[in-house]
Amino acid sequence: MALVQDTRCYKNHVHVFPREDFIQLAHALFTDDPDHSHKLSDQSVIHFQYGMLRVCVYNAFIVQDTHISRKKVGLKLWEIYQTCCQDEEDEVACAGGYAQAKGDNDLFLDVRTLTDARACAWGEGEPDDPMKVNNDWKMR
């Protein structure tokens with residue numbers, strides 16, 4: 001699985017969320033215990049959700065754990081919103097995207113938006129999504 005090098009936007013609108021869900025979830029991550037760190041064991045995922053929007057944080061590394069604060073997840077979610085939602089013609093909905101964050105030990109993590117109907121499973125995303133390329137993520 002390739003790690004995301006910058007913020008990228010979903011193009012075919014498989015995932016579409018109300019813009020308000022981005023705003024509310026980012027606000028919650030910034031204001032509700034923002035410095036709380038969540039542990040990400042090796043090869044694990046955590047998620048946060050508001051309305052139809054689920055933001056998933058993936059640790060793809062085989063033998064390293066890390067931690068990430070709610071504030072860092074919120075910042076990455078807001079980066080996805082600013083990059084992927086501001087230029088869209090639809091003023092109500094946004095397709096979302098994915099970005100890279102760093103854990104407390106500088107371990108790279110993938111941050112992705114999905115609809116609430118989909119689990120934060122490895123291999124989710126669109127065909128051009130680097131995470132989609134290798135569904136057998138344990139074989140990196």
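Hi everyone, let's start in a loop: Gln43 sits between strand 3 (37-40) and strand 4 (44-50). Before I go on, please keep in mind that this is a predicted model.

What is the phi of Gln43? For Gln43, phi is positive, about 55°, although Gln43 is not a glycine. Is Gln43 buried or exposed? Its relative accessibility is 19%, so Gln43 counts as buried, given that the cut-off for buried is under 20%.

Now let's go to another loop, the one between strand 8 (97-102) and strand 9 (108-115), where we find Asp106. Asp106 is not a glycine either, yet it has a positive phi of about 65°. Asp106 has a relative accessible area of 51%, so it is exposed; the cut-off there is over 50%.

Let's finish with the helices. Helix 1 (residues 19-31) packs with helix 2 (residues 70-84) at an angle of about 155°, and their axes are 8 Å apart. Because angles over 145 degrees count as roughly antiparallel, that is how we describe helix 1 relative to helix 2. The crossing of helix 1 past helix 2 is left-handed.

Which residues make the contact? On helix 1 they include Phe22, Ile23, Leu29 and Phe30, and on helix 2 they include Val73, Leu77, Trp78 and Tyr81. Sorted by class, the contact has 13 nonpolar, 1 polar and 3 charged residues. Arg19 of helix 1 and Arg70 and Lys71 of helix 2 are also part of that contact.

Notes. Residues numbered from 1 in each chain as written. Predicted model: local features only at pLDDT ≥ 70, side-chain atom pairs only at ≥ 80, totals over all residues. Heavy atoms only, no water. Axes fitted to C-alpha atoms, helices over the stretch in contact; angles between N-to-C directions. Helix = DSSP H or I, 4+ residues; strand = E, 2+ residues; numbered from the N terminus. Parallel < 35°, antiparallel > 145°, perpendicular 65-115°, else oblique. Left-handed = near helix turned anticlockwise from the far one by under 90°. Contact = heavy atoms within 4.5 Å. Nonpolar A, V, L, I, M, F, W, Y, C, P; charged D, E, K, R; others polar. Buried < 20%, exposed > 50% of the residue type's maximum accessible area, 1.4 Å probe, protein only.
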